[in-house]
Amino acid sequence: SSSWRSTRAIAASTRCAILHRDGFACSYCRVVMPVKGAQLDHLIPRKDGGEATPTNLVTCCGLCNNARQHNQLSPLAEFDAFARALLLPIDRAKGRELAREHYPSRMKARAA
């Protein structure tokens with residue numbers, strides 16, 4: 001997906017830790033997704049100075065990611081996503097474990 005390409009610089013372990021933090025559920029509609037079906041959404045867009053950090057990234061489904069781009073999400077859903085990202089820490093050890101399971105080739109490449 002295009003979202004995966006736009007966040008490609010994020011380590012697989014960090015991506016998986018963010019998904020784990022969010023319960024593998026879209027931060028806006030709470031639909032649970034598989035690891036490889038989930039997207040990451042920048043809460044503050046990169047074009048507005050947002051960084052690819054765990055506190056600025058949330059798990060997102062494709063429908064909500066598209067709706068958010070067109071300003072069609074409720075402010076409450078966006079506020080909840082911001083609060084969750086800021087208040088809940090990521091578990092880096094769990095992220096590494098999930099990345100080894102779901103992205104083994106990326107983990108080997110980073111270890112080399």
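Predicted model: local features only at pLDDT ≥ 70, side-chain atom pairs only at ≥ 80, totals over all residues.

Reader: Which residues of α4 are buried?

Author: Ala 77, Ala 81, Arg 84 and Ala 85 are buried in α4. Seen down the helix axis, the buried residues of α4 fall within an arc of 95°, so they line one face.

Reader: Why do residues three or four places apart point the same way?

Author: An α-helix has 3.6 residues a turn, so such residues point the same way.

Reader: What does the buried side of α4 pack against?

Author: The buried residues of α4 pack against α2 (12–21) and β2.

Reader: What puts the buried residues of α5 on the same side?

Author: The buried residues of α5 are Gly 95, Leu 98 and Ala 99. They cover an arc of only 105° around the axis, and therefore lie on the same side of α5. The face turned away from them carries the exposed residues Arg 100 and Glu 101.

Reader: What makes Asp 91 a cap of α5?

Author: A side-chain oxygen of Asp 91 lies 3.2 Å from the backbone nitrogen of Ala 93, at the N-terminal end of α5.

Reader: Why does Gln 39 count as buried?

Author: Its relative accessibility is 14%, and buried means under 20%; therefore Gln 39 counts as buried. Gln 39 belongs to strand β1, where Gln 39 and Asp 41 are buried on one side and Leu 40 and His 42 on the other.

Reader: What does the side chain of Gln 39 make a polar contact with?

Author: With the side chain of Asn 65, at 2.6 Å. That value also falls within the 3.5 Å cut-off.

Reader: What makes β1 and β2 a pair?

Author: A pair needs at least two bridges, and β1 and β2 (residues 57–60) have four, in the antiparallel sense. In this pairing, Gln 39 stands opposite Cys 60.

Reader: Which residues have the most contacts inside the largest nonpolar core?

Author: That core has 28 residues, and those with the most contacts inside it include Leu 40 and Val 58. Its largest share, five residues, comes from α2. Beyond its sequence neighbours within four places, Val 58 is in contact with residues including Gln 39, Leu 40, Ala 81 and Ala 85.

Definitions and conventions. Residues numbered from 1 in each chain as written. Heavy atoms only, no water. Buried < 20%, exposed > 50% of the residue type's maximum accessible area, 1.4 Å probe, protein only. Helix = DSSP H or I, 4+ residues; strand = E, 2+ residues; numbered from the N terminus. Arc of directions from axis to C-beta. Contact = heavy atoms within 4.5 Å. Core = buried A, V, L, I, M, F, W, Y, C linked by side-chain atoms within 4.5 Å. Polar contact = N/O pair within 3.5 Å; in protein donor to acceptor, adjacent residues only side chain to side chain.
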